[in-house]
Each structure stands twice: as structure tokens, then as C-alpha cells.
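Dear colleague,

Please find below the structure that I am handing over to you. I would be grateful if you would read the notes that follow with the model open beside them.

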Amino acid sequence: DLAGQVARSSPGAAVVQIGGNLLVFAALGAMLPVRSARFASLAAVAAVAATASLGVELLQYGLRLGRVSSVDDVILNAAGAVLAALCTRRWWARP
């Protein structure tokens, strides 16, 4: 799905699509392990972000908002949260 979208769109549109999906849950990924020791692992951040992203995709599908629901969006959203979490690793809460 993602490869097809990138192939069909202009380079600028592809960057916006991928970059936007990486940024959607970046704040969650950056702050979740800082605020809670329970979520101070990359696996926990990825699980929370993927679950939240899946919820958004299911709502888009169920409510027929005219948006395309895609597993690629869930993967990119979770990856963006993990990358943001890595940026704040030195400030993560300690158990």
C-alpha cells in the first residue's frame, strides 16, 4: 500500500505523507516514558502507539470519513513514536 502510494505521488507528497504519519504519535512517544516508568521501554511505547493508531484507523474505516485505512499508517505511526521516544531516552522515568 505505502510503496504504491509513493510510486503514484510526487516526491513532495510522498515526504508529506510519510513524514506526517511519523509525526502523528511522536509527542506520545516522546512524553509517555518520561511521565511514567511503566512505559519506559521501546516495546511499551510501540505497543501503546500501535494500539492508539489502530483505534484511529478503525474509526476512519467505521465512520466512513473518506480517508483510507491502512496497516502502513499504523506501522509508521508506531515507528514515529519509537523514534521520538529514543530522542527523550535520557529523561525517562525510573522505576
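The buried residues of helix 3 are covered by elements that include helix 2 (11–24), helix 4 and helix 5 (71–87). The residues in question are Ala26, Gly29, Ala30, Leu32 and Pro33. Please bear in mind throughout that this is a predicted model.

How do helix 3 and helix 4 pack against each other? Two packed helices are described by the angle between their axes and the distance between the axes. Helix 3 (residues 26–35) and helix 4 meet at an angle of about 135°, and their axes are 10 Å apart. The crossing of the two helices is right-handed. On the side of helix 3, the contact is formed by Leu28, Gly29, Leu32 and Pro33, while helix 4 contributes Val45, Val48 and Ala49. Of these contact residues, six are nonpolar, one is polar and none is charged. Gly29, Leu32 and Pro33, which take part in this contact, are also among the buried residues of helix 3.

Glu57 belongs to helix 4 (residues 42–62). Is Glu57 buried or exposed? Its relative accessibility is 8%, so Glu57 counts as buried, the cut-off for buried being under 20%. When neighbours within four places in sequence are left aside, Glu57 touches Val68, Ser69, Ser70, Asp73 and Val74. Gly12 lies 45 residues from Glu57 in sequence, and their C-alpha atoms are 24 Å apart in space.

Arg8 is located in helix 1 (residues 2–8). With a relative accessibility of 67%, Arg8 counts as exposed, because the cut-off for exposed is over 50%. Between Arg8 and Leu22 there are 20 Å from C-alpha to C-alpha, for a separation of 14 residues in sequence.

What does the protein look like as a whole? It has five helices and zero strands, and from the N terminus on its elements follow the order α-α-α-α-α. The C-alpha trace spans about 45 × 30 × 15 Å along its principal axes. Of the 95 residues in the protein, 29% are buried. Among the contacts with a separation of 6 or more, 68% are between residues 24 or more positions apart.

Which residues does the unreviewed entry list as "transmembrane region"? According to that entry, the annotation covers residues 12–32, 39–62 and 74–92. Residues 39–62 are 88% helix and 0% strand, with 29 Å between the end C-alpha atoms. The unreviewed UniProt entry also lists residues 16–89 as "domain: VanZ-like". Over residues 16–89 the chain is 77% helix and 0% strand, and the end C-alpha atoms are 26 Å apart.

With kind regards

How values were computed. Residues numbered from 1 in each chain as written. Predicted model: local features only at pLDDT ≥ 70, side-chain atom pairs only at ≥ 80, totals over all residues. Heavy atoms only, no water. Helix = DSSP H or I, 4+ residues; strand = E, 2+ residues; numbered from the N terminus. Buried < 20%, exposed > 50% of the residue type's maximum accessible area, 1.4 Å probe, protein only. Contact = heavy atoms within 4.5 Å. UniProt positions renumbered as here; feature names shortened; annotations may be inferred. Axes fitted to C-alpha atoms, helices over the stretch in contact; angles between N-to-C directions. Left-handed = near helix turned anticlockwise from the far one by under 90°. Nonpolar A, V, L, I, M, F, W, Y, C, P; charged D, E, K, R; others polar.
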